[in-house]
Every structure is written in C-alpha cells, then in structure tokens.
Amino acid sequence: MFKTIMIGAGGIATQHCEAMKKLGVEIVGIYDVDKERAGRLALRYDSRAVEDLEAEMAGADMVHILTPPSKRVAYVEMAARQGKHIMMEKPIAVTLEDARAMEACVERYDVQCMMAFTQRFRKGYQIVKNLLDTGKIGDVVQAFCFRVGPGPGFSGTMQDSWRTDRKFVCGMAIESLSHDIDFLQSLAGDIVKVSGRVKGTVEALPAFDNNVDAVLTFDSGAIGTLTASWSSHIPYNIKGVIGTKGSVFLQGDDIWDNTKVITRLADGTQTVERLEDIFQDGDGYLEENRVFVACIEKGIDVPCGLSVGRKVLEISRKILESSGKGD
C-alpha cells in the first residue's frame with residue numbers, strides 16, 4: 001500500500017483525502033501551519049497531524065502539496081531530496097522564478113511531480129478530447145471558456161479565503177484561470193499570443209483581480225477567448241471547440257458544473273447529452289489521483305508535469321502584463 005502526506009489542510013485537501021481513501025492509499029500524516037486545522041482533517045481520515053514534516057516524510061512514498069501557490073518551493077525541495085513523488089495543486093506558483101526552481105529541483109532528484117489540473121479528468125473534458133482525437137470535429141478553428149459566478153471578492157468583500165489574505169494574495173488570472181488555460185492548451189495547442197484585461201472589485205486589495213478577459217492565438221493558428229469572473233451575480237459556464245468538421249459545447253448553470261454537452265457535425269447531426277459532471281462530487285479529483293498513483297506504480301511519466309504548470313503560469317503572467325500596459 002502506498003503512503004502519502006498531505007501538506008496543507010485547507011478546503012481542497014478534503015477532495016484529495018477522499019480520493020486517497022477510495023484508492024487505498026494510506027494518509028500517514030497531515031501537515032498545516034494551522035495545527036488545529038490539520039488535527040481536524042486528520043481525525044476525519046484516521047490519520048494524524050504532524051509537526052516535523054521532514055522527519056515524517058521518511059515513512060511516505062509521496063506527498064500532496066496543497067498550500068497557497070506562493071508557499072511551495074521549500075516543500076518541493078524537501079520532498080524531492082528524499083525521493084518522494086509529488087502531487088501538487090494548481091497553479092504551480094505565483095512567480096515564474098519559483099516555478100522554474102521547482103521544475104529544476106524535481107528534474108535534479110528524478111522524482112515525478114504532477115499538477116492537479118482536475119479539469120482534464122472530468123467527464124465533459126473527456127468527451128471533447130475524444131471528438132478531437134478521433135477527428136470527428138476536424139481541426140480546431142476556435143476554442144473558448146466562459147465561466148462566471150459569485151466567488152472570492154464578490155460584492156467587494158474580502159471573504160474567508162487565502163486568495164484574499166494579504167500574505168498569500170493571488171488573483172483570478174493566476175489561480176482560477178489556470179484551469180481554463182490548461183483546458184484550452186491541452187485541447188487546442190500551446191498559446192503563442194495573448195492580450196487581456198483584468199479588473200478587481202475589492203478596493204482594500206488592489207492586487208487582487210477577480211475578473212479576466214483574454215484573446216488568444218494558438219500555435220496551430222486557431223484563435224480563442226477566455227472570460228472569467230467571481231463578481232457575477234449569475235452563475236454560468238460554457239466552454240467549447242469550434243472545428244472544421246463540427247463543434248462541441250459544454251455548459252452548466254454554475255461556475256464549475258457541466259450538465260449538458262451539445263455536439264453538431266458538418267452533416268447536420270446534432271446530439272444533446274445530459275451530464276452529471278458535478279465539480280464538487282470529486283470524480284475529477286479521484287481520477288487525477290488514480291492516474292498519478294498508477295504512474296508511480298508503473299514507473300511512467302505523469303501526464304501533466306511541472307513544465308505544463310509553468311507554461312500555464314506564463315500565459316497568466318502575460319495576461320497581467322498586457323492588462324498593466326493597456327495593450
């Protein structure tokens with residue numbers, strides 16, 4: 001039986017703990033700077049809160065790094081030095097300097113580190129990818145994501161989130177938009193040109209953006225758009241691919257859930273399928289962890305390593321740079 005340690009006991013840790021429990025991976029320790037929070041999560045999953053993280057890692061095969069993205073380099077170095085494989089939540093980091101340092105570290109110590117881009121492992125994504133892989137909708141002409149709803153900073157309030165904590169502040173362009181950037185790049189190819197605008201609604205925290213619009217060009221010549229907001233009173237999302245032989249759209253009446261997929265091919269054939277692709281159900285987290293564990297077990301490369309996370313962050317940073325310059 002594999003063993004893991006959870007580093008970070010915030011909200012997302014529950015999803016990873018549930019996945020590990022279902023996969024039969026033992027959670028041998030939970031570490032958090034908030035010892036009481038670590039203790040509560042440990043009690044729930046028959047584990048224990050640990051304080052000497054470096055010493056406790058000796059008894060694990062892998063670690064899950066689930067901290068805010070600005071606080072990860074030391075944990076990656078600690079795990080990699082001990083030969084522990086790593087599952088790490090997105091985004092990879094806040095700065096490209098940190099991202100490159102972690103990428104070099106796992107390469108130096110020859111350990112696997114997988115980015116938790118859970119969108120790739122959800123039902124809706126798999127449908128879109130299959131249509132592309134089988135050639136049914138042809139080559140990508142345009143790919144887009146539109147995702148809005150109340151979130152951190154809604155109505156100008158700080159709310160109880162690390163995202164609006166001054167010590168860790170990380171806006172939507174880097175944090176949440178990383179899901180959408182990876183979704184599009186993994187389907188349509190690398191983004192080679194981007195311009196964008198961001199806007200924040202929390203006056204007390206000007207560094208926190210919670211609205212993003214961006215225009216994209218992919219290496220294939222395809223074009224795309226990204227729109228995301230945590231300020232919208234109406235939750236809704238639609239994302240899709242327009243191809244040379246057909247189009248496919250995923251949509252849902254929530255910022256995250258996919259409840260319908262619409263496909264229409266060049267011959268006029270149209271299908272509308274109802275989905276139970278509910279983000280908080282945790283199926284995506286279970287599947288990504290299943291893939292991670294299988295890769296470690298078989299000694300093969302993970303599907304989305306740190307280079308993928310770094311490329312996503314590069315696009316986020318370019319959106320912020322473009323907005324700052326008014327390009």
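This is a predicted model: local features need pLDDT of at least 70, side-chain atom pairs count only at pLDDT 80 or more; totals for chains, interfaces and linings use all residues.
Visitor: How much space lies in the largest pocket, and which residues are closest to its centre?
Guide: The largest pocket holds about 1,000 Å³ of space. It is lined by 41 residues, and those closest to its centre are G10, G11, I12, W162 and R163. Helix α1 gives the most to this lining, namely three residues.

Visitor: Which residues of helix α1 are called buried?
Guide: Helix α1 runs over residues 11-23, and its buried residues are A13, T14, Q15, H16, C17, A19 and M20. Just after α1 comes G24, which takes a positive phi of about 80 degrees.

Visitor: Why does T67 count as buried?
Guide: The word buried is kept for a relative accessible area under 20%, and T67 has a relative accessibility of 10%, so T67 counts as buried. This residue lies in the loop between β3 (62-65) and α4 (73-81).

Visitor: What does T67 touch, leaving aside residues up to four places away in sequence?
Guide: With those neighbours not counted, T67 touches I7, G8, R72 and Y75.

Visitor: What makes the pair formed by T67 and K71 a polar contact?
Guide: A polar atom of the T67 side chain lies 3.3 Å from the backbone oxygen of K71. The cut-off for a polar contact is 3.5 Å, so the distance of 3.3 Å falls within it.

Visitor: What is the volume of the second largest pocket, and which residues are closest to its centre?
Guide: The second largest pocket has a volume of about 330 Å³. Of the 20 residues in its lining, V106, V111, Q112, C113 and D301 are the closest to the centre. Two or more lining residues come from each of α5 (96-109), α8 (283-298) and α9 (306-325). Sorted by class, this lining has 11 nonpolar, five polar and four charged residues.

Visitor: How many cavities of 30 Å³ or more does the structure hold, and what makes a space a cavity rather than a pocket?
Guide: A cavity is a space where a 1.4 Å probe fits but cannot get out, whereas a pocket is open. The structure holds one cavity of 30 Å³ or more, and the largest cavity has a volume of about 60 Å³.

Visitor: Which residues line the largest cavity?
Guide: The lining consists of T118, R122, K123, E276, D277, I278, F279, D283, G284 and Y285. The elements giving two or more residues to it are β13 (270-277) and α8, and the largest share, three residues, comes from α8. By class, the lining of this cavity has three nonpolar, two polar and five charged residues.

Visitor: How many helices and strands does the protein chain have, and why is the chain said to be as compact as a globular protein of its length?
Guide: The protein chain has nine helices and 13 strands. Its radius of gyration is 20 Å, and the globule rule gives 20 Å for 327 residues; the two values are close, so the chain is as compact as a globular protein of that length.

Visitor: What share of the 327 residues counts as buried, and what share of the contacts joins residues at least 24 apart in sequence?
Guide: Of the 327 residues, 55% count as buried. Among contacts between residues at least 6 apart in sequence, 65% join residues at least 24 apart.

Terms used:
Residues are numbered from 1 along each chain as its sequence is written. Side-chain values use heavy atoms; hydrogens and water are left out. Buried means under 20% relative accessible area, exposed over 50%, partly exposed in between (1.4 Å probe, protein chains only). Helices (H or I, at least four residues) and strands (E, at least two) are DSSP runs, numbered from the N terminus. On a 1 Å grid over the protein atoms alone, a cavity is a set of points where a 1.4 Å probe fits but cannot get out, and a pocket is an open set with protein on both sides within 12 Å along at least five of seven lines; lining residues have an atom within 4 Å of a point. Grid points are joined across faces, edges and corners, and a volume is the space filled by probe spheres set on the points. Ala, Val, Leu, Ile, Met, Phe, Trp, Tyr, Cys and Pro count as nonpolar, Asp, Glu, Lys and Arg as charged, and the others, Gly among them, as polar. A polar contact is a pair of N or O atoms within 3.5 Å; within protein, one must be able to donate a hydrogen and the other to accept it, and residues adjacent in sequence count only if both atoms are side-chain atoms. Contact means heavy atoms within 4.5 Å. The radius of gyration is taken over C-alpha atoms; the globule rule is 2.2 Å times the number of residues to the power 0.38.
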